[in-house]
Amino acid sequence: MGWVGRLFDARDTFARMLLLDLSGVGYLVVGTQAGRSPTSTQWIFAAVAFAVALVFHRRPLVNLVVQAALLAVAFQVIDDTTINQVGASWALLELAMWARRPRTIWLAAGLLVTVDLTDSIGDPLGRFLSGVFGLTVEVGVPLLLGLVIRTTRELGRQAEERAAAEQRRRESESRAARADERSAIARELHDVVAHHVASMVLRVGVARHVLTDLDPRVGEVFDDVHGTGTAALADLRRLVAVLRNPDGVRGDAALTAIEPSALPAALGAAVDRARQAGVTVEADIDPAVGALDAVRGLAVLRLTQEALTNVAKHAGTSALARLSVSVVDGAVHWEVSDNGRGWVPAAVPPGGGHGITGMRERVEVLGGQLEAGPTGAGWRVCTVLPAAVAAPTSPPVTPAPRERGAPAGPHAPELA
């Protein structure tokens, strides 16, 4: 019955009435009884019926009452009442489909039956019975068809509601599963990672106070390690808060973005921290980065921090790193490279680390693609973040570049 629902859609009521009127005009022109031309009175009654059907196509009850009245009068003044009978029957069909209360439908059907039987009063029994049988066509068929369409539409609506309820149930279960997953991760972060970081920060703080006769340079290193660890603890606490209650911290912009005007200073701080670790950094930062949107700004900052940290860890303090951030036609061109002259770790865990993976995921969410690999004696990481930020429906499938840890250069480090 799907095609029936589409044929009798509520939005197409005017089109149905117009087609009905045109078919009535065709009947008057070529199909009247015994080939006789319709009289002027017949044309008048037909024209009124056509006009009422169009004017009240959105008010089926009013249309039926007027059509029934026209039919009652037509029985008295014209011989061929086919146009008015069809108009009244169609009005009953529309009412049966769209009336809000079933009682209205049955009252309307009773009105139409009464009008038809009134015309048969005084007729011989045979003609009267013929008129009663004709009611099955004039009243029964449109009433039955309207009720079938109404029931089909109601069943379809109930099926959609059940499907929507099932979808909501699945989404609720999925959210609950993700919440459990986040809680488990949050517990691990809090109980394992944060605990160890807190212990390291505490011990560095104790060392700063116990070891009084330190070289000033060593004291600066202790201060830097203590500050870095404290900042890491704060980030871990906020991350745990996000995992445990995403809705509760959704309004905290610091968790998801950075103010555009603060980005140049934040990038400068990341460069200074790398220099404090002993790495020589040449930075070329376009002032236009201060006008980036908050999401891409945060991505640029995190990529820079990760890349410079990897240079310090893997290329060594004698390496030369170059940072380039520029904005061209709204797109962000970002690159960090190093010359690879540094200490090589003695032991590299199998499989490398997760730094490149996390960077690539962050870039792909913003519609870009990360390139990472050896260049000469060093390493190069670069990407272009497009101006139109649109998350792809599926991540681009590209061959994964070798992590820094594959034996492709003079240093094969572990990524953070």
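These legends accompany several close-up views of one predicted model.

**View 1. The whole protein, with its confidence values.** Residues are numbered from 1 along each chain as its sequence is written, and side-chain values use heavy atoms, with hydrogens and water left out. Because this is a predicted model, local features need pLDDT of at least 70 and side-chain atom pairs count only at pLDDT 80 or more, whereas totals for chains, interfaces and linings use all residues. The protein holds 12 helices and 5 strands; here helices (H or I, at least four residues) and strands (E, at least two) are DSSP runs, numbered from the N terminus. Mean pLDDT is 76, and 76% of the residues reach 70 or more; pLDDT is the predictor's confidence in each residue, from 0 to 100. Of the 416 residues, 34% count as buried, where buried means under 20% relative accessible area, exposed over 50%, and partly exposed in between (1.4 Å probe, protein chains only). The accessible surface comes to about 23600 Å², with 61% of it belonging to carbon and sulfur atoms; areas come from the Shrake-Rupley method with a 1.4 Å probe, and for residues only the protein chains shown count as cover.

**View 2. Two stretches to read with care.** Over residues 342-353, pLDDT stays under 50, and the model has 18 contacts beyond four places in sequence for them. A contact means heavy atoms within 4.5 Å. Residues 389-416 also keep a pLDDT under 50, with 70 such contacts in the model.

**View 3. Strand E5 and its two partners.** Strand E5 (residues 378-385) is mostly covered, with 6 of its 8 residues buried. Strand E3 (residues 331-338) runs antiparallel to E5 and is joined to it by 7 bridges; two strands pair if DSSP finds at least two bridges between them. On this side, His333 stands opposite Val384 in E5. Strand E4 (residues 371-375) pairs with E5 in the antiparallel sense too, over 5 bridges, and here Gly373 stands opposite Arg380. The hairpin of E4 and E5 has 2 residues between the strands, and Gly376 takes a positive phi near 65° there.

View 4. Most residues other than glycine have a negative phi.

**View 5. A nonpolar patch on the surface****.** Leu202, Val206, Val210, Leu211, Leu214 and Val218 form this patch, with about 500 Å² of accessible area together. Helix H7 (residues 125-210) supplies the largest share, 3 residues. Val206 belongs to H7 and is partly exposed, with a relative accessible area of 44%.

**View 6. Val86 in helix H5****.** Helix H5 spans residues 82-98 and includes Val86, which counts as partly exposed at 39% relative accessibility. The C-alpha atoms of Val86 and Leu71 are separated by 9.6 Å, and the two residues are 15 apart along the chain.

How values were computed
Patches are made of residues with over 30% relative accessible area and no salt bridge: like charges are joined within 9 Å, nonpolar side chains (Val, Leu, Ile, Met, Phe, Trp, Tyr) within 5 Å. A salt bridge is a side-chain nitrogen of Lys or Arg within 4 Å of a carboxyl oxygen of Asp or Glu.
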